[in-house]
Amino acid sequence: MNSVSPRMLLFRAVLWFAIASFLFLVPRSSGQAGITPEEQQLFDLVNQERQRAGLQKLKWDYHLAEAARAHTELQVQQRTLSHDFPGEPPLDQRIADRGARFSTVGENVAFAPTIPDMHHNLMNSPPHRANILNGNFNAIGIAVVERDGELYGTQDFGHLLPVYSEDQFRDAVIAEFNQTRTGQKIPPIDARPDPRMKAAACSNSLDVDKLLHSFPGATDLAVFTASQPQELPASMQKVAVDRTLRRMNIGVCFAPQSKAGFSKFWVVAAFYPVD
């Protein structure tokens, strides 16, 4: 089949890159519990395509699968394909409402009499193929529902991010900071959680000069947000290689953003040359 009917499938690639995306939730398994044979078949076909293209296989994610199922059921009820039914939240909100936190999401929808037909049509449509072979995605959820001899399907893709508590994020920042130091043959810094730093991180007033005067003895202060603890800004990288610094007091505050699915951590760290 060389051509694809516009009735057969629809495409959406939503590329929202955020400064951060975390929420401290109790994680559930991302395994494939409850997946149907049709969904498993389509999942395997997607990963076969990615493997042939030299891309990392997508992991099955239950958040994405739940969002895909709710949307597919609407398509079955309406007997049509759409990304936005009246009264339905947008894609990012639908996925966020299931508990996922992400930097990128995208969606394919289609219907066909069989799974091989559906996959063939998707791969022969450039925008759908682009979603399937998007190297930014690391997870997928699929839902397939049959009605009147047609299979309606939704593929929800995402680049999902790790889940951290404030303490876990703080400890990971400290570990990354000290790794930078040891790489320069500098001893690890004495890092101490500090409730004053956390209060500063949670405040709406993050004037560096003003904050620095609030912590007598501190010679440097770093204030930043990050999507992942490994993303140390230039201010942190600079002080990490300062051999005169011996102690770091640090606080971390989780600050969800208003945009669905996106959130961030604020970090405040004060540095001292002597204990």
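A residue counts as partly exposed when its relative accessible area falls between the buried limit, under 20%, and the exposed limit, over 50%. Glu231 has a relative accessible area of 38%, so Glu231 is partly exposed. The model examined here is predicted. In this model, Glu231 is found in the loop between β7 (220-226) and α9 (234-240). Glu176 lies 55 residues away from Glu231 along the chain. The C-alpha atoms of Glu231 and Glu176 are separated by 8.6 Å.

The chain as a whole was examined next. The protein chain has 275 residues, and 49% of them count as buried. Its secondary structure comes to 9 helices and 9 strands. Contacts were then sorted by separation in sequence. Among contacts between residues at least 6 apart in sequence, 75% join residues at least 24 apart. The protein chain exposes about 13000 Å². Carbon and sulfur atoms supply 52% of that area.

Helix α1 covers residues 37-52, which makes 16 residues. From its first C-alpha to its last, α1 reaches 22 Å. This is close to the 22 Å expected at 1.5 Å a residue. Several side chains of α1 are buried, including Leu42, Phe43, Leu45 and Val46. Glu39, Asn47, Glu49 and Arg50 of α1 are buried as well. Just after α1 comes Gly54, which takes a positive phi of about 75°.

Aromatic rings were considered as pairs. A pair of aromatic rings is described by the distance of the centres and the angle of the planes. The count comes to 7 aromatic pairs. One of them joins Tyr164 and Phe169. Their centres are 5.7 Å apart, with 85° between the planes. Planes over 60 degrees apart count as edge-to-face, so the pair of Tyr164 and Phe169 is edge-to-face. Both Tyr164 and Phe169 are buried. Another pair, Phe177 and Phe271, is stacked, at 5.6 Å centre to centre and 25° between the planes. Phe177 lies in helix α6 (residues 166-183), whereas Phe271 lies in strand β9 (residues 263-272). The pair therefore ties together parts that are 94 residues apart in sequence. Phe177 has 0% relative accessibility, so Phe177 counts as buried. Phe271 is also buried, with a relative accessible area of 0%.

The cysteines give a covalent link. A disulfide is a covalent bond between the sulfur atoms of two cysteines. The structure holds 1 disulfide. Cys202 and Cys253 form this disulfide, with their sulfur atoms 2.0 Å apart. The torsion about the S-S bond of Cys202 and Cys253 is about 110°, so the disulfide is right-handed. Cys202 lies in helix α7 (residues 195-202), and Cys253 lies in strand β8 (residues 247-256). The pair therefore ties together parts that are 51 residues apart in sequence. Cys202 is partly exposed, because its relative accessible area is 40%. Cys253 counts as buried, because its relative accessibility is 8%.

Note on methods:
Residues are numbered from 1 along each chain as its sequence is written. This is a predicted model: local features need pLDDT of at least 70, side-chain atom pairs count only at pLDDT 80 or more; totals for chains, interfaces and linings use all residues. Side-chain values use heavy atoms; hydrogens and water are left out. Rings of Phe, Tyr and Trp (its six-membered ring) pair if their centres lie within 6.5 Å; planes under 30 degrees apart count as stacked, over 60 as edge-to-face and the rest as tilted. Buried means under 20% relative accessible area, exposed over 50%, partly exposed in between (1.4 Å probe, protein chains only). Helices (H or I, at least four residues) and strands (E, at least two) are DSSP runs, numbered from the N terminus. A disulfide is a pair of cysteine sulfur atoms within 2.5 Å. Contact means heavy atoms within 4.5 Å. Accessible areas come from the Shrake-Rupley method with a 1.4 Å probe; for residues, only the protein chains shown count as cover. The expected span of a helix is 1.5 Å times one less than its number of residues.
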